[in-house]
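Biologist: Could we go through this model together, with each label held up against its definition? I'd like to see how every conclusion is reached.

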Amino acid sequence: MPARKNPFKAALKAGKTQIGCWAGFADAYPTEVLATAEFDWLVIDGEHGPNDLRSILAQLQVLEASDSHAVVRVPIGETYMLKQMLDAGAQTVLVPMVESADQARQLVRDVTYPPHGDRGVGYALSRAARFSQIADYGTTADAQICLLVQVENRKGLAALD
């Protein structure tokens, strides 16, 4: 069985307009209520919202039962943080304050399994692989991961090309 399909990534690839909303609640209950509004995606904000790994995990769990796709914005593009969010079940991550092509390339490596990336091969313990129920998660996950980067300052804009 392959990794579950990422509907957000598929819609972007198809050029389909997606409507979403920010969820900075740090609690699963209001995020679940927001998911009933039928947004295509909801950003669980770990940069400016008071979210941490546990509160993000709880929100990922409630969003899984809805049609709203979770986009997790991490506070910073740190390798360990990206790996934790992906292992917790996020398929789409949003990294703020990206300022260079080298930084963007490293982020791609962080969310990609070897041999093309540096993501840790610990999926037997990960929620993303359904704790080993998805036997070929390691060979199919990369195609479903969506990395979004935010270029937000003059340094990043100057390096955009």
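Biologist: How do the axes of H2 and H3 lie: within what distance do they come, and at what angle do they cross?

Modeller: Their axes come within 9 Å and cross at roughly 30 degrees. Axes here are lines fitted to C-alpha atoms, for helices over the stretch in contact, and angles run from 0 to 180 degrees between N-to-C directions. Helices (H or I, at least four residues) and strands (E, at least two) are DSSP runs, numbered from the N terminus. This is a predicted model, so local features need pLDDT of at least 70 and side-chain atom pairs count only at pLDDT 80 or more, while totals for chains, interfaces and linings use all residues. Residues are numbered from 1 along each chain as its sequence is written, and side-chain values use heavy atoms, leaving out hydrogens and water.

Biologist: What makes H2 roughly parallel to H3?

Modeller: Angles under 35 degrees count as roughly parallel (over 145 as roughly antiparallel, 65 to 115 as roughly perpendicular, the rest as oblique). The crossing is at roughly 30 degrees, and that makes H2 roughly parallel to H3. The contact (heavy atoms within 4.5 Å) is made by Ala-28, Thr-31, Glu-32 and Ala-35 of H2 with Ala-58, Gln-59, Val-62 and Leu-63 of H3.

Biologist: How do the residues of the contact of H2 with H3 divide?

Modeller: Five are nonpolar, two polar and one charged. Ala, Val, Leu, Ile, Met, Phe, Trp, Tyr, Cys and Pro count as nonpolar, Asp, Glu, Lys and Arg as charged, and the others, Gly among them, as polar.

Biologist: And why is H3 called roughly parallel to H4?

Modeller: H3 and H4 pack at an angle of about 30 degrees, with axes 10 Å apart. That angle makes H3 roughly parallel to H4. In this pair, Leu-53, Ile-56, Leu-57 and Leu-60 of H3 meet Gln-84, Met-85 and Ala-88 of H4. The residues of the contact of H3 with H4 divide into six nonpolar, one polar and no charged.

Biologist: How many residues has the largest nonpolar core, and what makes a set of residues a core?

Modeller: A nonpolar core is a set of buried Ala, Val, Leu, Ile, Met, Phe, Trp, Tyr and Cys residues joined through side-chain atoms within 4.5 Å. Buried means under 20% relative accessible area, exposed over 50%, partly exposed in between (1.4 Å probe, protein chains only). The largest such core has 23 residues, and Ile-44, Leu-60 and Val-72 are among those with the most contacts inside it. Elements that give two or more residues to this core include helix H3 (53–63) and strand E2 (41–45). The largest share, five residues, comes from H4. Apart from this core lies another, of seven residues, including Ala-3 and Tyr-113.

Biologist: Is Phe-131 buried or exposed, and how do you know?

Modeller: Phe-131 has a relative accessible area of 55%, so Phe-131 is exposed. Ser-132, with 43%, is partly exposed. Thr-79, in helix H4, counts as partly exposed at 27%.

Biologist: What is the phi of Phe-131, and what is that of Ser-132?

Modeller: Phi is near 55 degrees for Phe-131 and about 85 degrees for Ser-132, both positive although neither is a glycine. Most residues other than glycine have a negative phi, and most peptide bonds are trans.

Biologist: What kind of peptide bond joins Pro-114 and Pro-115?

Modeller: A cis one, with omega about 15 degrees.
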